[in-house]
Amino acid sequence: MARVYNFSAGPAVLPEQVLKEAAAEMLDYQGTGMSVMEMSHRSKAYQAIIDQAEADFRTLLNVPSNYKVLFMQGGASQQFAMVPMNLMKNKVADYIITGQWAKKAWQEAKLFGTANAVASSADKTFTYIPDCSDLPIDDNADYVYICENNTIYGTKFHELPNTKGKPLVADVSSCFLSEPMDVTKYGMIYGGVQKNIGPAGVVIAAIREDLITEDVLPGTPTMLRYKTHADNGSMYNTPPAYGIYICGKVFKWLLENGGLEQMQKVNVKKAGILYDYLDSSRLFHGTVVKKDRSLMNVPFVTGDPDKDAAFVKAAAAAGFVNLKGHRTVGGMRASIYNAMPIEGVEKLVDFMADYEKKNG
Ligand SMILES: *Cc1c(COP(=O)(O)O)cnc(C)c1O
């Protein structure tokens, strides 16, 4: 068996320890004689799994008690609709457009009301985060929306926008649990878990309780109301049970490894190794404004699409896979989520430096 270094943007690398534990428990989960995949979600054993997962998630992010934690389905993209359906009481919201995921969320919100684009970095292909210290926030805006880490373009909000008192809603899919965050600064955070936490399909949200009401847009289906999930402990219907179990194992792995403070230290170091090399390389160049760089997704180019393709191929042959950039931007992208070991990045940089010597 040979594991590769997987730089996929998502679904992405998971901690080996978690995969091994899941394998060991596949046929018999803790004496139940069955896999978690085969278990009733109404069983005691499963209730303990989801309760522990929620408790550990709360511990990791220090989620205040006036926030509900919800495990839902439909991926991050379903939230593009659920956010406006549930939160657009005045039918107005302000969106900050820093990439494709923010743009998709903004376009979806327009189906439900007035969605203003109050800032954008589209003018420079989303290679920076716009100044959000004094935006023209609409007096009637129900919320201000950001995509906090832009998976495709490799930018991150290192400072949150000034929302002028409006609740901040953030898609944190690709920076989820990569560093500590102050949940009290948000009305809601949510993320698809397949970038940094677990198997695709699960989405986790933390929502301030006062934002979870019956007062949703007319016609909002039962399954798309936060209140439905909040009132039923994320088990109104069958939850993505196995996926949540794996997320729970990743939470335990994070707690055992020093929590999010320690994870942030490792992630800063890991990304630093790659960015330092890119800053010194004559063949490869990072594409993002330095102060806005993501710790999780690192896009880079040679400036020549043929050279890019040749590098991606050579890297894959050497065991560094999924380095091709997003289909809409080209070039390369190394996604270096929590579970990417530091040796993975060190070895990638060694490989790149060697490749540069031979092909520079
Ligand atoms: C991947 C991603 C999405 C889309 O997630 P799905 O689960 O495929 O819907 C949305 N937002 C961000 C920031 C992402 O990285």
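Colleague: By class, how many nonpolar, polar and charged residues does the lining of the largest pocket have?

Modeller: This is a predicted model, in which local features need pLDDT of at least 70 and side-chain atom pairs count only at pLDDT 80 or more, while totals for chains, interfaces and linings use all residues. Residues are numbered from 1 along each chain as its sequence is written, and side-chain values use heavy atoms, with hydrogens and water left out. Ala, Val, Leu, Ile, Met, Phe, Trp, Tyr, Cys and Pro count as nonpolar, Asp, Glu, Lys and Arg as charged, and the others, Gly among them, as polar. Here the lining of the largest pocket has 12 nonpolar, five polar and three charged residues.

Colleague: What volume does the largest pocket have?

Modeller: On a 1 Å grid over the protein atoms alone, a pocket is an open set of points with protein on both sides within 12 Å along at least five of seven lines, a cavity is a set where a 1.4 Å probe fits but cannot get out, and lining residues have an atom within 4 Å of a point. Points are joined across faces, edges and corners, and a volume is the space filled by probe spheres set on them. The largest pocket has about 340 Å³. Of its 20 lining residues, Trp253, Asn338, Ala339, Met340 and Pro341 are the closest to the centre.

Colleague: Which element supplies the largest share of the lining of the largest pocket?

Modeller: Helices (H or I, at least four residues) and strands (E, at least two) are DSSP runs, numbered from the N terminus. Helix H7 provides the largest share, four residues. Strand E1 (5-6), helix H1 (16-24) and H7 (259-280) each supply at least two.

Colleague: Which residues line the largest cavity?

Modeller: Among them are Phe71, Met72, Gln73 and His229. This cavity has a volume of about 40 Å³, and its lining divides into five nonpolar, four polar and no charged residues.

Colleague: Which residues are around the ligand?

Modeller: A residue is near a molecule if one of its heavy atoms lies within 4 Å of it. The shell includes Gly75, Trp101, Cys147 and Gln194, and its largest share, four residues, comes from helix H3 (residues 75-87).

Colleague: How many Å separate a polar side-chain atom of Ser77 from an oxygen atom of the ligand?

Modeller: The separation is 2.6 Å. The side chain of Asp171 has an N or O atom 2.6 Å from a nitrogen atom of the ligand, and that of Lys195 has one 2.5 Å from an oxygen atom of the ligand.

Notes. Polar contact = N/O pair within 3.5 Å; in protein donor to acceptor, adjacent residues only side chain to side chain.
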